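Biologist: I am new to this structure. Please show me how to read it, one feature at a time.

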Amino acid sequence: MPLTVREQTNKTSSPEFFLMGFSSYQQSQSAFFAVFLLLYLLAVIGNILIITIISSDAHLHNPMYFFLINLAVLDICFTSCISPKILDILLSETESISYFGCMTQQFMLSSTLGTELILLAVMAFDRYVAICMPLHYPIIMCKKIYISLAVAVWLVGILNSTMLTGIILNLSFSETIILDHFFCEIPALLKASLSDTQLLKNVTLVEDFFFGIFCFFCIIISYIYIIASIVRIHSAEKKKKAFSTCASHLLVVTLYYVSTIYAYVLPSVARGSNGDKVASAFYAIISPVLNPMIYSLRNTDVKQAFFKILSRHIFPLIK
């Protein structure tokens, strides 16, 4: 019989989910472990490096790089709430995760996912103001405003995740809860639940529209104006710098939104479980690795600040 969370708690002190995402690849567990460990280390080291570079260079203390620090922190939180458990599953070959662990993972995942989607829209707005209204930029994006925007972005993401987790906690599940996934997220939990999930589906539909479609639409509109303004710039050097700055953000947005919309917004009939897992792995594990690379390799200011750190702290030690 299906059990609610309260009934499960009364019956057993440790109800468990079973994450079966790797069950079809028993012969490749060691290879998967090496790959996921490498990706996790690259994501954490790369994003810490971005935070360190921006924090140590006064020339980068402006709204664009402030938001980039927030993006790096989100990417670290994002991959850290997923990757350690994946590595534990691959190393120990124990697919179980406690109910509390699953709910915590889902809360952290939903919170960081929603926050990052809004943050990318705010970063597009920042670029729109900087390029389309450069004379008003210091007023519109003053320190008080951009810090308030960042706080609001984090609060919206956390409050949205709190609401979703509250609904999930009232769902009913069987005593053996099997998820065809390698971490706990809403689409997989919806499939595993035995109770009526219409309320959760309706709520996720609304938040998918806001976080996915609406924010993406705002980014597209911003970049239509941005590209139109860049085309009108007469200086080839300024035009190149503007395109370079915006191209990094636009590439991150494209990679992140495409995989997220595929996993959350498209109807389940349009994709299979393997497609779900690939899309989820991309935005949760691969994207945090790519983001610092994209911003560092395509951004002249970041590269210059990085070489300054090397010349100031690393090269003297070598000598």
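Biologist: In which loop does Ala58 lie?

Modeller: First, some ground rules. This is a predicted model, where local features need pLDDT of at least 70 and side-chain atom pairs count only at pLDDT 80 or more, while totals for chains, interfaces and linings use all residues. Residues are numbered from 1 along each chain as its sequence is written, and side-chain values use heavy atoms, with hydrogens and water left out. Now your loop: Ala58 sits between α2 and α3 (63–80). Helices (H or I, at least four residues) and strands (E, at least two) are DSSP runs, numbered from the N terminus.

Biologist: Is Ala58 buried or exposed?

Modeller: Buried means under 20% relative accessible area, exposed over 50%, and partly exposed in between (1.4 Å probe, protein chains only). Ala58 has 58%, so Ala58 is exposed. Across the chain, 47% of the 319 residues count as buried.

Biologist: Which residue is 9.5 Å from Ala58 in space, yet 247 residues apart in sequence?

Modeller: That is Ala305, with the distance taken C-alpha to C-alpha.

Biologist: How many helices and strands does the chain have?

Modeller: Twelve helices and three strands.

Biologist: How do I read the sheet, and in what order do its strands come?

Modeller: Strands of a sheet pair through backbone hydrogen bonds, either parallel or antiparallel. Here two strands pair if DSSP finds at least two bridges between them. The order is β2-β1-β3, in an open sheet with mixed pairing. β2 (96–98) and β3 (177–179) are the edge strands; each has a single partner, so one side of each lacks a neighbour in the sheet. Direction ignored, neighbouring strands are turned by 30° against each other on average.

Biologist: In which sense do β1 and β3 pair?

Modeller: Parallel, over three bridges, with β1 covering residues 16–19. Phe18 has Ile178 in β3 as its bridge partner.

Biologist: Which helix packs on the sheet?

Modeller: Helix α5 (residues 99–132), which touches β1, β2 and β3. Contact means heavy atoms within 4.5 Å. The direction of α5 makes about 85° with that of β2.

Biologist: How are two packed helices described? What about α2 and α4?

Modeller: Two packed helices are described by the angle between their axes and the distance between the axes. Axes are lines fitted to C-alpha atoms, for helices over the stretch in contact, and angles run from 0 to 180 degrees between N-to-C directions. The axes of α2 (residues 29–56) and α4 (residues 83–92) come within 9 Å and cross at roughly 160°. That makes the two roughly antiparallel (over 145 degrees; under 35 is roughly parallel, 65 to 115 roughly perpendicular, the rest oblique).

Biologist: Which residues of α2 and α4 make the contact?

Modeller: Among them are Phe32, Phe33 and Phe36 of α2, and Ile86, Leu87 and Leu90 of α4. By class, the contact has ten nonpolar, two polar and no charged residues. Ala, Val, Leu, Ile, Met, Phe, Trp, Tyr, Cys and Pro count as nonpolar, Asp, Glu, Lys and Arg as charged, and the others, Gly among them, as polar. In α4, the buried residues include Ile86, Leu87 and Leu90.

Biologist: At what angle do α3 and α7 pack?

Modeller: About 20°, with axes 10 Å apart; α7 spans residues 143–168. The two helices are therefore roughly parallel. Phe66 and Phe67 are among the α3 residues that meet α7, where Trp154 is one of the partners.
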